[in-house]
Amino acid sequence: MCKEAILKVPICGRQGDTMNPITIPFFYNNDTPIDITNWEFKISIQNSQCKEVKLYDMTNGLSIIDNVLVWNFGSVLDIVPGNHKFYLKSYSLEYGEMTMIIGDFVVKPLKID
């Protein structure tokens, strides 16, 4: 298919705050949508020591709605504060397992209780 994409703009949030879901559509180079309806996804959030601090998967925070991956953070963002990296991996029968997107995920501490 292709090598992973590196997200140039970080995803930012504040621990304990609500965060809107992120929708991620996938397209071939010719802008044709990729059918992901039978794919599995995982997103690993890792700290600066490469230790996983949060895992989202198809049973926890990730779903496919109308052929678009939806990343939902629950009622509040519960990731420890820090400058993290996220890795979005997919698995499909056609392409096997691939890292598709890598990016920064910055979580600021809770400002007010």
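Let's start with Cys12, which is partly exposed at a relative accessible area of 49%. A quick word on terms: buried means under 20% relative accessible area, exposed means over 50%, and partly exposed is in between, with a 1.4 Å probe and protein chains only. Cys50, at 58% relative accessibility, counts as exposed.

Before going on, please keep in mind that this is a predicted model, where local features need pLDDT of at least 70, side-chain atom pairs count only at pLDDT 80 or more, and totals for chains, interfaces and linings use all residues. Residues are numbered from 1 along each chain as its sequence is written, and side-chain values use heavy atoms, leaving out hydrogens and water.

So, how many disulfides are there? The count is 0, where a disulfide is a pair of cysteine sulfur atoms within 2.5 Å.

Now to the strands. These are DSSP runs of E, at least two residues long, numbered from the N terminus, and two strands pair if DSSP finds at least two bridges between them. Have a look at strand β9, residues 96-108, which pairs with strand β1, residues 5-6, in the parallel sense over 2 bridges. There, Ala5 stands opposite Ile101 in β9. Strand β2, residues 11-14, also runs parallel to β9, joined by 4 bridges, and Ile11 has Phe105 as its bridge partner in β9.

With β8, the pairing is antiparallel: 11 bridges join β8 to β9. One of the facing pairs is Phe86 with Gly103 in β9. A hairpin of 3 residues links β8 to β9.

Let's stay in β8, residues 82-92, and pick out His84. Is His84 buried or exposed? It is buried, at 5% relative accessibility. Its side chain reaches the backbone oxygen of Val80 at 2.8 Å. Leaving aside neighbours within four places in sequence, the residues in contact with His84 (heavy atoms within 4.5 Å) include Ile45, Val53, Ile79, Gly103 and Phe105.

Last stop: an open sheet of 3 strands, in the order β3-β7-β6, with antiparallel pairing. Its edge strands, each pairing on one side only, are β3 (22-24) and β6 (62-65). Between β3 and β7, residues 68-71, there are 3 bridges, and Thr23 stands opposite Val70 in β7.

Note on methods. A polar contact is a pair of N or O atoms within 3.5 Å; within protein, one must be able to donate a hydrogen and the other to accept it, and residues adjacent in sequence count only if both atoms are side-chain atoms.
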